[in-house]
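Okay, everyone has the model up, I hope. I'll talk through a pocket and then the sheet beside it on my list.

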Amino acid sequence: MDEIDRAILRELQTDGRIAYADLGPRVGLSASAARQRLQRLLDSRAVQVVGVTDPMAMGGQAMALLGITADGDPRPVADALAGHPEVVYSVLTSGGFDLFAEVVSPSARDLLDFVNDTVRQTEGVAGVQSFPYFAIHTHRFLWDVG
């Protein structure tokens, strides 16, 4: 991956629907050369172009990162939690927690109910620590591509 590839990725992070006619000049290429570069990145599976939802726009008003400890293999716990629509993602970790899960609910009460009635009751969950947070405005995650 060279500097032009990284420039393409930076532009896509800002606007994933950018037209090749606009992308090419921004990265110093023609539109067709930019299309070919991006296609090469897609074909190599180094890059995926995906849609990301904004939980706040989708009706979520209460969000938390859950640090979860398991009493055994955490993979079945992660799989079980991933099946719930409140769970945005779950990841296995090493350290103080066996996995993290980000959850979004319509209200603080719904979040509390989900943690207590669903997460804590999931087979294999030994403990849950909740780190609630508040999205005051739309946020965007940008990865440093160099």
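So, the lining of the second largest pocket: by class it has nine nonpolar, three polar and one charged residues. Nonpolar here is Ala, Val, Leu, Ile, Met, Phe, Trp, Tyr, Cys and Pro, charged is Asp, Glu, Lys and Arg, and the others, Gly among them, go down as polar. The space in that pocket is about 180 Å³. Of its 13 lining residues, Ala108, Leu111, Leu112, Ser130 and Pro132 are the closest to the centre. S1, H5 and S4 each give two or more residues to the lining, and H5 has the largest share, with five.

How do we call a pocket? It's an open set of points on a 1 Å grid over the protein atoms alone, with protein on both sides within 12 Å along at least five of seven lines, and lining residues have an atom within 4 Å of a point. Points are joined across faces, edges and corners, and the volume is the space filled by probe spheres set on them.

Quick caveat: this is a predicted model, so local features need pLDDT of at least 70 and side-chain atom pairs need 80 or more, while totals for chains, interfaces and linings use all residues. Residues are numbered from 1 along each chain as its sequence is written, and side-chain values use heavy atoms, with hydrogens and water left out.

Now the sheet. Four strands make an open sheet, antiparallel, in the order S2-S3-S1-S4. The edges are S2 (87-92) and S4 (125-133), each pairing on one side only. Helices and strands are DSSP runs numbered from the N terminus, helices being H or I with at least four residues and strands E with at least two; a pair of strands needs at least two DSSP bridges.

S1 (residues 62-70) and S3 (residues 99-105) run antiparallel and are joined by seven bridges. Leu66 has Ala101 as its bridge partner, and Ala62 stands opposite Ser105. H5 (residues 108-119) packs on the sheet, touching S1, S2, S3 and S4, at about 15 degrees to S1. Contact means heavy atoms within 4.5 Å, and angles, from 0 to 180 degrees, are between N-to-C directions of axes fitted to C-alpha atoms, for helices over the stretch in contact.

Conventions: 1 Å grid on protein atoms, 1.4 Å probe; cavity = no way out; pocket = protein on both sides within 12 Å on 5 of 7 lines; lining within 4 Å.
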